[in-house]
Amino acid sequence: MAPKLPGILIRLAAVGLALALPKPLQTDDVPAGSRIDPVPEWRLSLYPDAHPFAFTIVSDADSSYSRRLAPLFEEFDSDRLKITVTAFVFWADWAKKGKIWSDWAAPAGSERAFFAPVAVPLEDAAERAFYLGLAARGHEVGMHTPSDNSDTTEDLARAFVRFEEIFGHPPSVYVEHSGQSNKETLENEGSDPRSRYYSLGILNRYRPWVWVDGSMALPRRSNPRYFDLAAVKGPPFTDDAVRHYGIPKVFMRTGKWKSADGDGFLEWYSKANIDALEAHRGLAIVYTHLNEKWLDRKTRKMRDPLRARLGYLASKDGWFVPAGTILDRIALMKKVVLRREDLRVIVENRNTSAVASVSVISPKGRSLCNETGVFRPRATGDILLGELQAGETRRFGICR
Ligand SMILES: [Zn+2]
């Protein structure tokens, strides 16, 4: 039974209750700096210097010949695109240690003299000089297996030693050739220690980034964002292949198996797809053969549509560096962690090495503050934090 209270006390109690209840917050009531952002949330950029996307090419050496590659690299250089070009180290059996040149011989300047040579390896002195020149110009030279045919464990060991003699370091990128025909590939006999084509031991000794020719090498055929690895769950690393083969660094390329050439590049890297790559902070590590389909047969220069498309790409602020550099960076960024705690953003470098030029992507143009000042976003949303030392943690408040 409720106690009987004088009417005045009941009315006072009702007023007190009303005063104690919080009134529902209107959006405009929220004090500055205290609003909780919905997703998209605060996150880290994978790339340094606030570049909004990364793009490079990892070429397959199958049809390589320096005289056909040279005009293409003139264009890459003028567009400031640094790429990864792979090379065979040794002649294939069919080339009879270079005697194939007599088959390719034709009057200087003729079509045959220019278009016939293929898979010309580092073993050839002129090719060696050409690739050393590319490396000096900032491109990355990777190894496309020892030769065009199957190579034994001993061949592979010799190839790594020879590569190191030529360039002063082992290759940072190793691209398998044909998994179907070449026995040293991991899907063939390369991961079988009983095979004379066992390659896994040598690869684990030198630890390059390895592109395994197989089902996990490119995004699935059905993936509509095959031109952008950041849009494909998991890549650029293929952790399934890492587990399956017991090899630490396996990567994926963008593109599709058919027509990995100049025509395919024009089709996949349309202006719309390049725009999407930029808008989504994407990553392209392009699978292509820098073969005659990149060249105008008459002028022997890069085809005009390809030159125009690369010009469009290069007009954007992409990160245009070789694949090894991109993959090393993303591997480091896997261990840089951003945590959001209420109105704070905490960035922690869990690597045992420093990470250069880290940026946080701000949602809705919000700034970060700490005792050293206010860090405002650029137009892209990137807030540059600079270098994070090994094990360093930085804490910020979210401010306007
Ligand atoms: Zn190949």
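Two strands count as paired here if DSSP finds at least two bridges between them. Keep that in mind as we walk through this predicted model, because that pairing rule is what builds the sheet we will visit below.

Let's start with the whole chain. The protein has 400 residues, and 39% of them count as buried. Its secondary structure comprises 13 helices and 14 strands. What radius of gyration does the protein have, and what would a compact globule of 400 residues have? The protein comes out at 28 Å, whereas the globule would be near 21 Å. As for contacts with a separation of 6 or more, 77% of them are between residues 24 or more positions apart.

Now for the sheet. Five strands form an open sheet in the order β8-β9-β14-β11-β12, and their pairing is antiparallel. Which strands stand at the edges? They are β8 (336–341) and β12 (373–375); each has a single partner strand, so one side of each is left without a neighbour in the sheet. On average, neighbouring strands of this sheet are turned by 30° against each other, direction ignored.

Finally, let's zoom in on one pair within the sheet. Strand β9 covers residues 344–349 and strand β14 covers residues 393–399. These two run antiparallel and are joined by 5 bridges.

How values were computed:
Residues are numbered from 1 along each chain as its sequence is written. This is a predicted model: local features need pLDDT of at least 70, side-chain atom pairs count only at pLDDT 80 or more; totals for chains, interfaces and linings use all residues. Helices (H or I, at least four residues) and strands (E, at least two) are DSSP runs, numbered from the N terminus. The radius of gyration is taken over C-alpha atoms; the globule rule is 2.2 Å times the number of residues to the power 0.38. A residue is buried if 20 or more other C-beta atoms lie within 10 Å of its own, exposed if 12 or fewer, and partly exposed in between; C-beta atoms are placed from the backbone. Two residues are in contact if their C-beta atoms, placed from the backbone, lie within 7 Å. Axes are lines fitted to C-alpha atoms, for helices over the stretch in contact, and angles run from 0 to 180 degrees between N-to-C directions.
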